Amino acid sequence: MKKAIISTTIIFLFVACQKTEKGNLIQGKIEKEQIAVVSKIPGKILKIWVKEGDLVQKGDTLAVLDIPEVDAKKSQAEGAVVSAKAQYKMAVKGATENQIKQLEAKRTGLKEQYEFAQKSIRRLTNMLKDSLISQQTYDETFAKYQGAQAQYNAVVAELDDAKKGARIEQQTMALGQQDRALGALQEVETADKERYIIAPQNMSIETITLNLGELALPGYTLFNGYIDNSIYFRFTIPENQLGEFKKGQEITVHVPYKNENIKGRISTIKQLGAYGNIATAYPDYEMQESLFEIKITPVNIEQTKDLITKTTVTLSL
């Protein structure tokens, strides 16, 4: 009986000592800011230039999509631009040289008819005063004179319009059609550029979700990765330990698998929104307490370049 009591006491003391040791040590995880590269327009994967684990620079081409519809729309848009530019040029320039010559010849002919009608009506006016002609004959000649005058004025106005170009409203309408066609072409050219999937930042490629020939839909994630030089340490603490940490505090983090200490600074302290986000294994807290996440960024980023994401780090209280 005494032996059993002594054994139980030793076990209790051993567990208590272990708890005390672990109570002063907080476990956390090495994390990096994640990034997802998505496609903006649908297309089949034509070529993939990278593989998982590669480090890429901002602006590098990750993949190329096959989008045959864009090529067809581009040809249509280019044709519409050529047509709209010609319409606007014609509206501004007006009639052609041959049309101007035809109108000038027409004006010359109508001018001669008009001048002849003027001479005739003058003679008939004097003859009517001397009662040499009837009023009916004079009225008929006067009507012809007015007709010749109207035709001559009309061709003068037509020639003037032809030289000046189309009216301002027609020119504005033609200019609008040209701008619309140019906008459609720019839209197609932008879509054509989207066939190239470009790295938005310096990053490491962790996963590639599609293979050659598979269809990438708009908004579908093609590449997952980590942003370069974005490493940080994440710990979960209960509410009763908040007093030991404050934002901006410099703190030392231990990396067990490398047996290395790294200095960092607390950048954020925030409440955890979900239990599944806990970074520290088995945090010791009461049920009524809230859990908080501490984010520590390394002081010297160069010291963390070789660290492996999701590995465990510790923090001594």
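Is serine 39 buried or exposed? Serine 39 is buried, with a relative accessible area of 1% (buried means under 20%, exposed over 50% and partly exposed in between, using a 1.4 Å probe and protein chains only). Before going on, a word on what you're looking at: this is a predicted model, where local features need pLDDT of at least 70, side-chain atom pairs count only at pLDDT 80 or more, and totals for chains, interfaces and linings use all residues. Residues are numbered from 1 along each chain as its sequence is written, and side-chain values use heavy atoms, with hydrogens and water left out.

Back to serine 39, which sits in the loop between strand E1 (25-38) and strand E2 (43-48) (strands are DSSP runs of at least two residues, numbered from the N terminus). Leaving out residues up to four places away in sequence, serine 39 touches Leu65, Ile197, Ala216, Leu217, Pro218, Gly219, Tyr220 and Leu222 (contact means heavy atoms within 4.5 Å).

Now hop over to strand E8 (residues 221-238), where you'll find isoleucine 227. Isoleucine 227 is buried too, with a relative accessible area of 17%. Beyond four places in sequence, the contacts of isoleucine 227 include Gln34, Ile35 and Met203.

What about confidence? The protein chain has a mean pLDDT of 79, and 82% of its residues reach 70 or more (pLDDT is the predictor's confidence in each residue, from 0 to 100). Over residues 4-21, pLDDT stays under 50, and the model has zero contacts there beyond four places in sequence.

How values were computed. Helices (H or I, at least four residues) and strands (E, at least two) are DSSP runs, numbered from the N terminus.
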